[in-house]
Amino acid sequence: MANYKVAEIFSSINGEGPRQGQLALFVRMQGCNLDCSYCDTRWVNEADAKFHWTSTEEILDLAKQMQIRNITLTGGEPLCQENIMELLLAFAADPWFRVEIETNGSVPLEPFAQIENPPAFTMDYKLPGSGMEDQMVLDNMQFLTAKDSVKFVVMNYEDLERSREIIHKYNLTEKCHVFLSPVYGEIEFENIVYYMRNNQMNDVNLQLQIHKIIWDSEMRGV
């Protein structure tokens, strides 16, 4: 039975994504292969960040005890965890659970997309403001389906322009959910709305992280 570097496990509501506002069990993995300029989970990304070795069985048992259907694997970057496939296969074997993976776009999705009853991917596309755009695995676009999402975290006008280019280039609104998410405290929400309106960005969703509205933006475990 595989073990994973788990920084925290907690239940809350989904703060973003297609199931925003719904109950979810969050499993936050330690470690990330990127270093985005605006990262709001840097505390969990460092190699010496605190974690507990937690097994597939322990995570599954907790999920069953809590009876929360939505499971969010996040980080850090959960797909960098060694043996993460075992955990995904274990959840996939029970169709009652709905598993979402929040991934940073730098890890190939193909092997995970081929799982029977695969998880839903919420994949970031790192825009210029992140400093990490050159790390994106563009082949991932072909494995996205209607239950998946692409999230563009925008901090300025350049990011908005680039997000529009990528949405059009890969025809994303015809493939999956698409979200524009402002960097907290960096860009005015209304400016994103004006940009969407002025550029006829149909089927694109403005996404506000409601967990940062309900609680303090720096609070963990929510």
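User: Is T74 buried or exposed?
Analyst: T74 is buried, because its relative accessibility is 5% and the cut-off for buried is under 20%. Keep in mind that this is a predicted model.

User: Which strand is T74 in?
Analyst: T74 lies in strand β4.

User: What does T74 touch, leaving out residues up to four places away in sequence?
Analyst: T74 touches V27, R28, M29 and E102. With E102 there is also a polar contact between the side chains, at 2.6 Å.

User: How far is T74 from F26?
Analyst: Their C-alpha atoms are 7.1 Å apart. Along the chain, T74 and F26 are separated by 48 residues.

User: OK, T72 next. Where is T72 found?
Analyst: T72 is in strand β4, which covers residues 70–74.

User: Buried or exposed, for T72?
Analyst: T72 is buried, because its relative accessible area is 0%.

User: And which residues does T72 touch, again skipping those up to four places away?
Analyst: T72 touches N14, A24, L25, F26, V27, E100 and E102. The side chains of T72 and E100 make a polar contact of 3.4 Å.

User: Let's zoom out. How many strands are in the open sheet?
Analyst: The open sheet has 9 strands, with mixed pairing. The order is β3-β1-β2-β4-β5-β6-β7-β8-β9.

User: Which strands are at the edges?
Analyst: The edge strands are β3 (52–55) and β9 (205–206). Each of them pairs on one side only.

User: What about β6 and β7, parallel or antiparallel?
Analyst: Strands β6 (residues 120–125) and β7 (residues 149–154) run parallel. They are joined by 4 bridges.

User: Switching topic: where is E57 found?
Analyst: E57 is in helix α2, which spans residues 56–66.

User: And how exposed is E57?
Analyst: E57 counts as partly exposed because its relative accessible area is 46%. Partly exposed is the range between buried, under 20%, and exposed, over 50%.

User: How far is E57 from L87 in space?
Analyst: E57 and L87 are 8.6 Å apart, C-alpha to C-alpha. In sequence, E57 and L87 are 30 residues apart.

How values were computed
Residues are numbered from 1 along each chain as its sequence is written. This is a predicted model: local features need pLDDT of at least 70, side-chain atom pairs count only at pLDDT 80 or more; totals for chains, interfaces and linings use all residues. Side-chain values use heavy atoms; hydrogens and water are left out. Two strands pair if DSSP finds at least two bridges between them. Helices (H or I, at least four residues) and strands (E, at least two) are DSSP runs, numbered from the N terminus. Buried means under 20% relative accessible area, exposed over 50%, partly exposed in between (1.4 Å probe, protein chains only). A polar contact is a pair of N or O atoms within 3.5 Å; within protein, one must be able to donate a hydrogen and the other to accept it, and residues adjacent in sequence count only if both atoms are side-chain atoms. Contact means heavy atoms within 4.5 Å.
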